[in-house]
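I am opening a notebook on this structure. The entries follow the order in which I looked things up.

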Amino acid sequence: MAKDKDYKDAELQDPTITSPRTAEEPGPKPEKGEDSCCPPQHNGAGKNEEERSSFIPTIVSLILLLFGIGLDFFDVEWFQGYLRLIVFGVAYVLVGGKVVQHAVTNIAKGNIFNEFFLMTIATLGAFYIGEYAEGVAVMLFYVIGEHFQEAAVARSRRSIKALIDNRPEEVTLIKNGQVSIVNPKNVNIGEIIQIKPGEKVALDGEMLSESSSFNTAALTGESKPDTKKKGETVLAGMINLDKLVELKVTSGYEDSALSKILKLVEEAGGRKAKTQKFITRFAKIYTPIVVFFAIGLALLPYFFVDAYIFEDWLYRALVFLVISCPCALVISIPLGYFGGIGAASRNGLLFKGSNFLDLITKVDTVVMDKTGTLTEGVFKVQEVKVQSLEKDRFLALTAALESKSTHPIASAVVEHSGNAFKQLKVQNVEEIAGHGLKGTVDGKELLVGNAKLLRKFNISYAPEIEEIVETIVVVAMDGKYEGYITIADQIKEDAALAIKQLREYGIDNIVMLSGDKDSIVQKVARQLKIDKAYGGLLPQDKVAKVDELKKQGKKVAFVGDGINDAPVITLADVGMAMGALGSDAAIETADVVIQTDQPGKIGTAIKIGKKTRQIVWQNIGLAFGVKALVLIFGAFGVASLWEAVFADVGVAFLAILNAVRLQRIKF
C-alpha cells in the first residue's frame, strides 16, 4: 500500500518562499560547482561585505524617500515637476526594479496574477496619480520585509547546519607506511586514515585502534561522549576526544552518514505541507479576483455616483490592490515550516519535509519495534543466582568457559564478570550444538548453557528455571546444578517517559511489534504500560499489523531501527527511524530520523509539529484578519496607501517574527 500521495511525494519544485530575492529556493544558495548540500565557508570579511552591499540600495532608497517627504512637507518651491519625479523615481527603481522585472518575466511566461503583478500595478498607479511617496513606500517596506525574511531563513539554516556542517577539508592518510594530508574526497574505501585528538572525523570508518572517546553531538545531539572500541563503526562528524586513532574507511565522502544528513536537510525545505500547497493554489485564484474587483472599484462608481472623480476611485482601487497582496502568506507560511525543521534538527530530529511536520500532528496511533527502539539492542546480565559458591567465584568460573565462545550471550556474561576469569586455566572445551559448552576450569568440570544441556547430562535443577521468560544461562559444576544467570535486552532510560509523554500528547493507542519471543515482549509491554504487544513476528507480519490499523482509519506512526523495519516504515503514515544505530535501509525510507536514538524524541517530534502548525495558522489568521479590515476601510475611502502598506508589509513583518519564535522555543 502506497503512502498518501499528497503528503509522501517529494515535490522538489520551485519557490516555497516566492520573492525576487528568494524565488529559486529559500535561504543562502551554493555557488555553481559547489557541493549541493554545503555552501562554502566564506571568510568573515567577504561575507560581511556581501551582506552590507545588499542593503545599500535599500538604504539609499530610504534616504531619498525621507528627503522627498521632507521637501513635500515644507512645500519647497523648487521641488516640483520633473525633479520631484526623478528623486522618487530613483528611490522606486532601487527597491522596486526587481519586483517589476519579476512581474514582467512572469507575464511573459503566462503567469500574470501574482503578488509581484499586484504590487507593480498598484505602485505604478500611485505614480500615475502623483502619489510618488506612497508608491515608493510600498516597494521599500516590501524589500525591507524581504531582508528580514532572508535573515530569518539564513538563521534557520545556520541552526540546522551548526550541529552537522563544517566537514573537514583535510584528512591524514596512511598509505604504504607513508603519512600524507589529502582531501577526504580522494580517499578510497578500505584505506587507512588517522584521527588526532580534537579532530573531527571526515569519513565513516571501522576502528583499528583499541578504543577512544568521541563527541557524537553532530549526529545524535547527545552531549555525552561515546567510547568506540576496536571493530566498531565511527561516523563522519564525530570528534575524537581521547587519543590518536586509526580507522579503515568504510564509506566514500558523498556516502558518509554526515553527507546523507546534510543532503536530507537541503531537500527537506522542498517538500511542501498541505497548508503550503493550499496557499499556493489559493493565491492563483485569489489574485485575479482581487484585480477584477479593483478594476470594478475604479470604474463602476461612474455609473452610480454623481460626483465621480476617476483619480479618487483609482486611488481606492490601488489601496485595495496593495492591501490584498498575499506577501505575508507566501513568505511566512513556508518560513514557519522551515523554522519547524530547524527547531527539530536542534533537538536531534530530522524531518525530511515540512509535509511530515503537518502529518505528525494527525497521528493517533504509535507503533514501535522493541529491540533497538525501546530497548538498547544489547544483551546485559540482569540477575545472578548461586546455590553454594560465592557470587564472584561463580561468575569467574562461568566467564572463563564462556570466553571461549563468540556467541553474544557468552559475551554478555564475560563483560559482566570483570577480569578475574583471565587468571583461571581452561581446558578440554567442547561446544555442544544447541545446548552450550562443556569444559574444565581450575580443575572443576563445568556445564554452561541452557536447561536442555543439564537434562542431556541428567542433572536436576531448580523448577523455577522453567518459569523465567528471559534468556537464561544455567550452570552445573562437577555434575551438580550450581545456579543461573538471566540475560535480557535492557530497556532504554527514557522509554517509560516516552510512553507517558505520548499519552499526554493525546496518543491513545500505543502498540509494540517485535520478532523476539512473545513472553519477553509481553513483559516489556507490562513494564512500559504499552496497550498492545505482539511477539514472534516476521517483517511481513509487522506489515500486516500496521495495514490492519490503517484500515481501521488510524493515522499511524511507526518507529523502528532495523532493515526488517524498512517495509513497515514505508507503509506507515509517518515512518520514523533511529538514526545513530539504525540500519541504512530504515533511515533511507523514514520520514523522520531520530538522531539521538531516544524514544522520548517521538513525543518531541509531535510537540514540534503541533507548535509549527499552530504558528502557521496564527499567521494565516493574522494576515486575513488585518487585510479584511483594511480592505473594507479602503473600499469606503477611509484607508490610505499608508494603511495599505501596513496591512501588507506590516503583517508580513509580524508573521515573520512569529515564525522566527520557533527557533527560540525549548522543546
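Which side chain meets R84 in a salt bridge? I find that of D72, at 3.0 Å from N to O; I note that the model is a predicted one. R84 sits in helix α3 and D72 in helix α2, twelve residues apart. I read D72 as partly exposed, with a relative accessible area of 29%.

I then looked up the total, and the structure holds 13 salt bridges.

Next I took K523, which forms a salt bridge with E470, the closest N and O atoms being 2.1 Å apart. K523 is in helix α17 and E470 in the loop between α15 and β16, so the pair ties together parts 53 residues apart in sequence. K523 counts as partly exposed at 27% relative accessibility, whereas E470 counts as buried at 16%.

I turned to the sheet. Its six strands run in the order β12-β17-β16-β15-β14-β13, as an open sheet with antiparallel pairing. β12 and β13 are at the edges with a single partner strand each, so one side of each has no neighbour in the sheet. On average, neighbouring strands are turned by 20° against each other, direction ignored. Inside the sheet I checked β15 and β16, which pair over four bridges. L446 has M477 in β16 as its bridge partner.

Last, I looked at the nonpolar cores. The largest has 39 residues, and M368 is among those with the most contacts inside it. Helix α21 (residues 600-635) gives the largest share of this core, six residues. Another core, of 30 residues, lies apart from it and includes W313 and A647.

Terms used:
Residues numbered from 1 in each chain as written. Predicted model: local features only at pLDDT ≥ 70, side-chain atom pairs only at ≥ 80, totals over all residues. Heavy atoms only, no water. Pairing = 2+ DSSP bridges. Helix = DSSP H or I, 4+ residues; strand = E, 2+ residues; numbered from the N terminus. Axes fitted to C-alpha atoms, helices over the stretch in contact; angles between N-to-C directions. Core = buried A, V, L, I, M, F, W, Y, C linked by side-chain atoms within 4.5 Å. Buried < 20%, exposed > 50% of the residue type's maximum accessible area, 1.4 Å probe, protein only. Salt bridge = Lys/Arg side-chain N within 4 Å of Asp/Glu carboxyl O.
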